[in-house]
Amino acid sequence: MSQDTQGEAKAVKAREGTLDIAANPFKADFPLLVKHPELTFLDSAATAQRPEVVLQAERTFYETMNANPLRGLYKLSVEATQAIADTRKHIAEFIGASDPDEVIFTRNASESLNLIAHSLGGSILRKGDEVAITIMEHHSNLIPWQQICRHVGATLVYIRPDANGHISQEEIEAKIGPKTKIVSSTQLSNVLGVIPPIKAMSDRAHEVGAYMVVDGAQSVPHMRVNVEEQGIDLLAFSAHKLGGPMGIGVLWGKRDILESMPPFLTGGEMIDSVTEDDAVWAPIPAKFEAGTQDAAGIFATDAAISYIESLDRDALEKREHELTAYLAKRLMELPYVTVLGSQDPEDHLAAVSFNVGDVHPHDVSSILDMSDVAIRAGHHCAQPLLTWMGISSCCRASVAFYNDKADIDNLIDALENVWKVFNIGD
Amino acid sequence: MATDNLYNAQFMDHVAHPYYKYKMEDETYSHQGVNPSCGDDLTLQIKIGDDGKIEEASYQGHGCAISQASADMMSDLMIDKTPEEAMELCKLFGDMVRGEQKDPEELDKLDEASMLQSISRMPARVKCAELAWRTLEEIFKEQGIAH
């Protein structure tokens, strides 16, 4: 697996306590968590907290190398340009890709997915074609496909999991067929915390001549992603769920595919030459990067990845698995709580969704806030999934390695309070 | 924190034992209000008396405790109010939950509903609290009774 190729190059030692969820050797790295010792933050699936090194990197950029990258011919601008190039290379290595030019910077994962749907979908889809996505998609990997399918007269087909959130081989073969031109799937459900079989889907996609697009917004922060081994053609994710700054998205794609796609946004920086009537696009990655980039954010993204790599990713993933299993187990122990998806505590990663009797999730969240417990409540930008499960909203607690056992115990205690508030006098 | 005093016994009483949650058979107007993003779905009914005042108000539907309790408190408040007075109270309530009206004397006009003032520190819940009030406003606007 990728562990060998990626891990061997930089042998790092896990911090002491990484594998003990009662210990927390990470919290001190996160200024917000230090500043708010009362806070139980269980909403990392929405956005992660940032370590000090990331905040420092943003400052360092503006203090020491601020200039508009790519344009200037003076030293500062060259440094800014280099910072972007270094990050591109680093990200490529991080996701198991070999060519840094295949890494495109966008504003967020949503923009990356819009770019793919618009540029790739718009140029290859024809009336009668099919795009297959799972019912578990975040709206970001759903609406762009709805739009482009409607525009060209293609059909959007939904791959559906069983009650545990698992997608069977039969379902894959039934939904990905000769008419399928693009398959797009999340690699880690932001609602069910389940990991869809990306390799099986990409094998099938390639068998029928379709492209495999992966929404890695949730997976990249929590598991090793290797685009080559997992058969991914295009991958979208964001820096902010990875401990990097908000406003930086990544699109990775195979060179030949990116080269065949028309640009999404046009303007400065993305051209080779322009006449009154025409323009010649710059080669990738510039072709997809119109306008001034958030160079400081990109530089800080580099720092976020370095930080994670310095901590032994396998150990972090193990810790997050254990935290999630403990979270799911404690929730399942509460008689009035229903956990969505798999009832096996080990079968979730990072996120666990649930409902508290028939108390509205927004009330649950507001009352938890009284105990400074932060979770997400609502439809989690996955309305078709919730509708398919027969609910309109739910609560979601999600963990990252900087959480610990006490955070989950706090949530459970606070949930007992929610139940009490709603059952007084009954 | 912000929500400390909201889910208190008085508030929860409206949730557990709503006084005005029932179907009215002889209503003058009936109107549905929804918050699609949270699944709140409420049907408000009002009966206008011969004197032109609101004689009775009731609601049905489902949603979070805030949308339900707020509808219950509003139904109580609106009895014997003229449409113009009702519209003014709706506006006052909206101003309160958005934090734009803080004068205690003014807020007293909202009677029990003034306890929802803490919603002004919970911006994500403003829509929940406002649902019934917005629905009532829509009735009057659609009927051209008040604006």
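**Terms and their grounds**

Chain B and chain A bury about 1300 Å² between them, with 56% of that area on carbon and sulfur atoms. This is a predicted model, in which local features need pLDDT of at least 70 and side-chain atom pairs count only at pLDDT 80 or more, while totals for chains, interfaces and linings use all residues. Residues are numbered from 1 along each chain as its sequence is written, chains are lettered from A and ligands numbered from 1 in the order in which they are written, and side-chain values use heavy atoms, with hydrogens and water left out.

Q: What makes the area between chain B and chain A a buried area?
A: Buried area is the accessible area, taken with a 1.4 Å probe, that two parts lose on being put together, summed over both. For chain B and chain A that sum is about 1300 Å². The contact, meaning heavy atoms within 4.5 Å, takes 19 residues from chain B and 15 residues from chain A.

Q: Why is the pair A:Asp363 and B:Arg125 called a salt bridge?
A: The term requires a side-chain nitrogen of Lys or Arg within 4 Å of a carboxyl oxygen of Asp or Glu. The closest N and O atoms of A:Asp363 and B:Arg125 are 2.9 Å apart, so the pair meets that rule. Across the interface of chain B and chain A the rule finds 1 salt bridge.

Q: Which helices of chain B supply at least two residues each to the side that touches chain A?
A: They are helix H1 (9-16) and helix H2 (65-78) of chain B, where helices (H or I, at least four residues) and strands (E, at least two) are DSSP runs numbered from the N terminus. The largest share, 3 residues, comes from H1(B). By class, this side of chain B divides into 12 nonpolar, 4 polar and 3 charged residues, with Ala, Val, Leu, Ile, Met, Phe, Trp, Tyr, Cys and Pro counted as nonpolar, Asp, Glu, Lys and Arg as charged, and the others, Gly among them, as polar.

Q: Why is chain B called as compact as a globular protein of its length?
A: The radius of gyration is taken over C-alpha atoms, and the globule rule is 2.2 Å times the number of residues to the power 0.38. For the 147 residues of chain B the rule gives 15 Å, and the radius of gyration of 14 Å is close to that value, so the description applies. The secondary structure of chain B comes to 5 helices and 3 strands, in the order α-β-β-β-α-α-α-α along the sequence.

Q: How do you know where the two domains of chain A lie, and how much area is buried between them?
A: The bounds come from an automatic or database domain assignment, which gives domain 1 (2-50 + 312-423) and domain 2 (56-309) of chain A. Their centres, taken over C-alpha atoms, are separated by 26 Å. The area buried between domain 1 and domain 2 of chain A is about 3500 Å², of which carbon and sulfur atoms give 51%.
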